[in-house]
Amino acid sequence: MNPNYPTKRPTDDAYLHDEEEPRLPTELLNMPWIDGHNHAHTLSWDDRERYALSGCEGMVMVSSGYHWTPYKPVRASDVRFLWDDAVNRRAAIERNHFFRARLGLGIHTGVRIEDPDELLEAMDGYCQLPEVVAVGETGVTPSQHVEAWGLDEQRAIVQAQMELATQHDLPVILHTPNTSSSSGRSYRPAFGVPGYEKNYGLGQEPVITGENPALKAVKIDIEAAHDAGLPEDRVVASHADQNNIQYLMKETECYLSFTIGHSWLIGVGPADVADAIDEYGPERIMIDTDCANILKTDPYAIKRAMFELYRYGIDTDAIRKVVWENPRDVYGFSN
């Protein structure tokens, strides 16, 4: 302890005086980052400004969610409306907030869509737009909302989108069914989950059964990618969790994206990302927020995670790889 410290009595700082000062990772304060999967076009102006204030350089705004169509089952024209709305508003969002706003367009299988072939035919034209940098999110879903969609038909729709992605050299954002949760308790069925505006009571019986339907769905998606000629390293498996990490990292070349914008719901956070980096390295790992206006989500999630990853012992080069370099290269933001 420094005996000449000028405080009336010793403070913590007096005891720390002779210790080596920790290196402060000030580069994290200004490190650029990209959110590779969100629905920010459904958020408020203020929420998108929060992205900008926390250093977001770019984002992929995904327009494939059935949540925003009031009709069930969904018609092809309803999905086209969602795509067109995102295309229509993208440039204004970019100009307002200064980050690069790009699009992911796809057919989500969480609800049955009438006349999906009509959408697939139209999608070819959308894939040629320079602002469209990904197909998706899409992927086989074990159970649907309101009306079940058969497994064979789902797989065919997913594979057809992957074939379009192959033709246009676009990555596919894969919706992987998440199995994590932060609590073992369930809410009253009539009320659903606070913070997620979805009528859970309208869920249908699963079309995939067995011990692990969520993992089986992911494996079916990877088989579809093979049949579509889509390289595994053009697949970004979003919503990664403990149920699929080992399979995707050890048995495929896919990128893994951890959704951390609503950890309260799915139980996945920066600690899971740090563990994955420790075990597999940062070369195929990303993080995303999945922020949407139907969810209690956090536009600051990636910036917070950058600090948390460092606190967990991940070095700044690895953090930069995960939050900036990987999504930049996969989604073509460097072009």
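The secondary structure of this chain comes to twelve helices and ten strands, where helices (H or I, at least four residues) and strands (E, at least two) are DSSP runs, numbered from the N terminus. The model is a predicted one, in which local features need pLDDT of at least 70 and side-chain atom pairs count only at pLDDT 80 or more, while totals for chains, interfaces and linings use all residues. Residues are numbered from 1 along each chain as its sequence is written, and side-chain values use heavy atoms, with hydrogens and water left out.

**The chain as a whole**

- Along its principal axes, the C-alpha trace spans about 80 × 45 × 40 Å.
- Of the 335 residues, 52% count as buried, a word that means under 20% relative accessible area, with exposed set at over 50% and partly exposed in between (1.4 Å probe, protein chains only).
- Among contacts (heavy atoms within 4.5 Å) between residues at least 6 apart in sequence, 76% join residues at least 24 apart.
- The chain exposes about 15,900 Å², and carbon and sulfur atoms supply 47% of that area, as computed by the Shrake-Rupley method with a 1.4 Å probe, where for residues only the protein chains shown count as cover.

**Helix α6**

- Helix α6 (residues 151-168) has 18 residues and reaches 26 Å from its first C-alpha to its last, close to the expected 26 Å, which is found as 1.5 Å times one less than the number of residues.
- Its buried residues include Ile157, Val158, Met162 and Leu164, and what covers the buried residues of α6 includes α5, β6 (132-138), β7 (172-175) and α7 (213-228).
- Just after α6, Asp169 takes a positive phi of about 55°.

**Helix α10**

- In helix α10 (residues 270-280), the buried residues are Asp272, Val273, Ala274, Ala276 and Ile277, and they pack against β9 (255-259), β10 (285-288), α11 (301-311) and α12 (316-330).
- Just after α10, Gly281 takes a positive phi of about 85°.

**Aromatic pairs**

- The structure holds two aromatic pairs; rings of Phe, Tyr and Trp (its six-membered ring) pair if their centres lie within 6.5 Å, and planes under 30 degrees apart count as stacked, over 60 as edge-to-face and the rest as tilted.
- Trp33 and Tyr51 form a tilted pair, 6.1 Å centre to centre with 40° between the planes.
- Trp33 lies in strand β1 (residues 33-38) and Tyr51 in helix α3 (residues 45-53), so this pair ties together parts that are 18 residues apart in sequence.
- The rings of Trp83 and Tyr126 have their centres 5.0 Å apart and their planes at 70°, so this pair is edge-to-face.
- Because Trp83 lies in helix α4 (residues 76-97) and Tyr126 in helix α5 (residues 116-127), the pair ties together parts that are 43 residues apart in sequence.

**Charges over rings**

- The charged end of Lys219 sits over the ring of Tyr247, 5.3 Å from its centre, a description used if NZ of Lys or CZ of Arg is within 6 Å of the ring centre and within 35 degrees of the ring normal.
- The charged end of Lys296 sits over the ring of Trp264, 4.5 Å from its centre.
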